[in-house]
Structures are given as C-alpha cells and as structure tokens.
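Here's a quick briefing to read with the sequence and the 3D view side by side. Take the topics in any order you like.

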Amino acid sequence: MKVGFIGLGIMGYHMACNLSKSGYQVYVYDIMPEAVKRTEKSGCIGCASIKEVVGQCDDIITMLPNGPHVKSVVLGDGGIAEFGNRGTFIIDMSSIAPEVSREIAERLNQKGIHMMDAPVSGGEPKAADGTLAIMAGGSREDFERASKYFDILGASAILVGNVGSGNTCKLTNQMIVAVNIAALSEGLQLAARAGADVEKVYEAIKGGLAGSAVMNAKAPMMLEGNYKPGFKIDLHIKDLTNAMETGYATHTPMPLTAQIMQMFQVLKADGCGQEDHGALIKYYQKLTGTDVAQ
C-alpha cells in the first residue's frame with residue numbers, strides 16, 4: 001500500500017508518520033530536506049522531488065501553509081499535475097481559501113485528476129495521536145476512496161459538500177476557535193484582576209456551559225505561561241484572512257472575527273507570530289499588566 005505525502009511541517013510530519021505506522025509505504029517530500037530526513041527516521045520513504053512522489057503513488061496527500069503553496073505544488077512547474085495521470089487522486093488537507101480549492105480542482109479535472117479538500121482541526125496534539133477532525137469537500141466516491149487514510153489520521157471525517165466546502169467549514173471552525181480563545185483570555189483576566197484563584201476558576205467552570213475543547217486545551221497553557229506552538233498565531237492570521245476575504249465575497253458581516261484579527265496583528269507586531277494562538281491572552285496582559293500564569 002503506497003501513498004504520497006507532501007508538506008512535513010508541524011502537522012504534516014505527524015500525519016505522515018501515523019500513516020507509516022499503520023503499514024503504508026509513505027513517500028514524502030518537503031522543500032526542507034531536514035524535514036524529509038526527520039520522517040525517514042519514522043519509516044517514511046524520502047523523495048528528492050514531487051516527480052519522484054508522483055511516480056510512486058496514485059494517491060497523494062498535501063499539507064501546506066496556504067493557497068499559493070498548494071497551487072505551486074499542484075499546478076506549478078514540476079508540480080503534481082505535470083506528472084500525474086488520469087486517475088491520480090490528490091487529497092489537499094491544507095487550510096486555504098475555498099475559491100482556491102475550487103480553482104485547482106477545476107483545472108485538474110481537465111486532466112482527469114481528482115481532488116478533494118480535507119482540512120483538519122485539532123492542532124499538533126491531535127495530529128500526533130491521530131484524532132483530528134477532518135472536514136472534506138468533494139464527491140462521495142472520492143470521499144470513500146480517501147476514507148482509509150482519514151480513519152488513520154482522524155477521529156472523525158465528515159463530507160461537508162462539493163470541493164471547497166471543506167475549507168468553508170474549516171474557516172468557520174477557525175472563526176469560532178478564535179472567538180473562544182479571546183473570550184477565555186478576557187474571562188481569565190477578569191478573574192485574576194478581581195483577586196480570584198484563576199486555576200480554581202478554570203476548574204469550576206470547565207464542566208459547565210462555558211466549558212469547551214478550546215478551554216481545556218488552552219487554559220492550562222495560559223496558566224503555565226506556555227506558548228509552545230501547537231497552532232501558530234501566524235497560521236491563525238492566515239486562516240482569518242481567508243475567512244474575511246470569503247466574508248467580503250459573500251457579504252457576510254463578521255465583526256467579532258475582524259476584532260480578533262486586529263488583536264492577533266498586535267501580537268504579531270510584538271514578535272509573537274510564531275507562538276501558539278493561546279498567546280492571545282498576551283493582548284490583555286499588554287493592556288492590563290496582569291499575567292494570569294501561576
């Protein structure tokens with residue numbers, strides 16, 4: 001069983017390794033040679049080019065930073081489309097703008113190459129343990145073809161609609177996550193400044209209506225002052241940029257998303273772009289001088 005995997009960053013590394021551990025021959029490529037060598041230590045087969053991956057595999061997963069990177073890898077010189085044959089299947093698990101997914105898929109269709117968008121949620125921890133939430137866009141037939149990979153990479157995989165729908169769902173997810181992190185940050189700041197034991201406040205409310213997966217993932221990091229990235233601020237800015245552009249195109253009012261985008265931009269200007277998006281609480285700390293870390 002062979003599968004190609006292109007893009008071995010924070011998420012892609014774990015995803016490729018999980019496929020390898022499950023018995024697949026995983027042919028990997030990344031523009032960073034050290035990333036390829038890292039996955040080879042986990043049993044993946046390193047390739048020197050996209051052409052080499054496509055030459056070995058009919059099914060190819062891509063996990064890349066943004067739309068321009070996906071277009072380059074898939075449609076650019078030396079890209080997948082140049083070497084792929086009729087029946088080649090691309091599963092793009094990157095988080096990009098829905099219209100870019102649709103554009104790429106339409107151009108691939110002219111060559112008989114199938115594509116679906118299947119972005120994920122869960123960050124590095126869930127990529128590592130294979131429990132990502134996968135939001136897929138494409139045909140039912142392609143979804144069924146991809147399901148054997150989704151079963152390894154995720155705890156859930158939902159076919160949302162046609163190509164582009166997966167990334168529409170992911171943008172919705174990222175908006176809601178951002179609002180949750182901002183609300184959590186604001187609430188913990190109030191608790192700290194009002195003299196409460198912030199950790200006990202978190203323990204008291206996490207089982208109630210305010211509790212969420214976001215709270216359980218980010219509150220402990222905030223209380224420790226730990227902002228090692230599971231999902232970087234820079235990447236969340238990218239996702240919210242795509243969300244805002246989609247909002248403009250569909251005339252959708254998004255005032256909360258716009259506000260949090262500005263908060264992230266302040267932190268990026270302060271040099272925090274490579275920190276975890278839970279570092280959003282630093283925006284409030286910058287305003288108040290109060291650090292909630294224990």
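**Glycine 87 and its surroundings**

Let's start at glycine 87: setting aside neighbours within four places in sequence, it is in contact with Asp58, Gly112 and Arg145, where contact means heavy atoms within 4.5 Å. Before going on, note that this is a predicted model, in which local features need pLDDT of at least 70, side-chain atom pairs count only at pLDDT 80 or more, and totals for chains, interfaces and linings use all residues. Residues are numbered from 1 along each chain as its sequence is written, and side-chain values use heavy atoms, with hydrogens and water left out.

- You'll find glycine 87 in the loop between α5 (80-83) and β5 (89-92); helices (H or I, at least four residues) and strands (E, at least two) are DSSP runs, numbered from the N terminus.
- Glycine 87 has a relative accessible area of 29%, so it is partly exposed; on this scale buried means under 20%, exposed means over 50%, and partly exposed is in between (1.4 Å probe, protein chains only).
- Glycine 87 and glycine 112 are 25 residues apart along the chain, and their C-alpha atoms are separated by 6.2 Å.

- Isoleucine 6 is part of strand β1 (residues 2-6), and it counts as buried because its relative accessibility is 2%.
- Skipping neighbours within four places in sequence, isoleucine 6 has contacts that include Tyr29, Ile50, Val53, Ile60 and Met63.
- Leucine 19 sits in helix α1 (residues 10-21), and at 0% relative accessibility it counts as buried.
- Which residues does leucine 19 touch, leaving aside its neighbours within four places in sequence? They are Val3, Phe5, Tyr24, Val26, Ile61, Tyr149, Ile152 and Leu153.
- From leucine 19 to valine 120, 101 residues apart along the chain, the C-alpha separation is 16 Å.

**Aromatic rings**

- How many aromatic pairs does a search of the whole structure find? It finds three, counting rings of Phe, Tyr and Trp (its six-membered ring) as a pair if their centres lie within 6.5 Å, with planes under 30 degrees apart called stacked, over 60 edge-to-face and the rest tilted.
- One of them joins phenylalanine 143 and phenylalanine 150 in a tilted pair, at 5.9 Å centre to centre and 50° between the planes.
- Phenylalanine 143 is buried at 8% relative accessibility, and phenylalanine 150 is buried with a relative accessible area of 2%.
- Tyrosine 283 and tyrosine 284 have ring centres 5.6 Å apart and planes at 90°, so this pair is edge-to-face.
- Both tyrosine 283 and tyrosine 284 are buried.
- Over at tyrosine 13, arginine 38 lies over the face of the ring, 3.6 Å from its centre; the rule here is NZ of Lys or CZ of Arg within 6 Å of the ring centre and within 35 degrees of the ring normal.

**Helices α9 and α12**

- Helix α9 (residues 165-193) packs with helix α12 (residues 233-250) at an angle of about 115°, their axes being 9 Å apart; axes are lines fitted to C-alpha atoms, for helices over the stretch in contact, and angles run from 0 to 180 degrees between N-to-C directions.
- On the α9 side, Lys170, Leu171, Gln174, Met175, Val177 and Ala178 meet His236, Asp239, Leu240, Asn242, Ala243 and Thr246 of α12.

- Not counting residues up to four places away in sequence, lysine 218 touches Ile181, Leu184, Asp276, His277 and Gly278.
- Is histidine 251 buried or exposed? Histidine 251 is exposed, with a relative accessible area of 72%.
- Histidine 251 lies in the loop between α12 and α13 (255-269).
- Although it is not a glycine, histidine 251 has a positive phi of about 55°.
- For background, most residues other than glycine have a negative phi.
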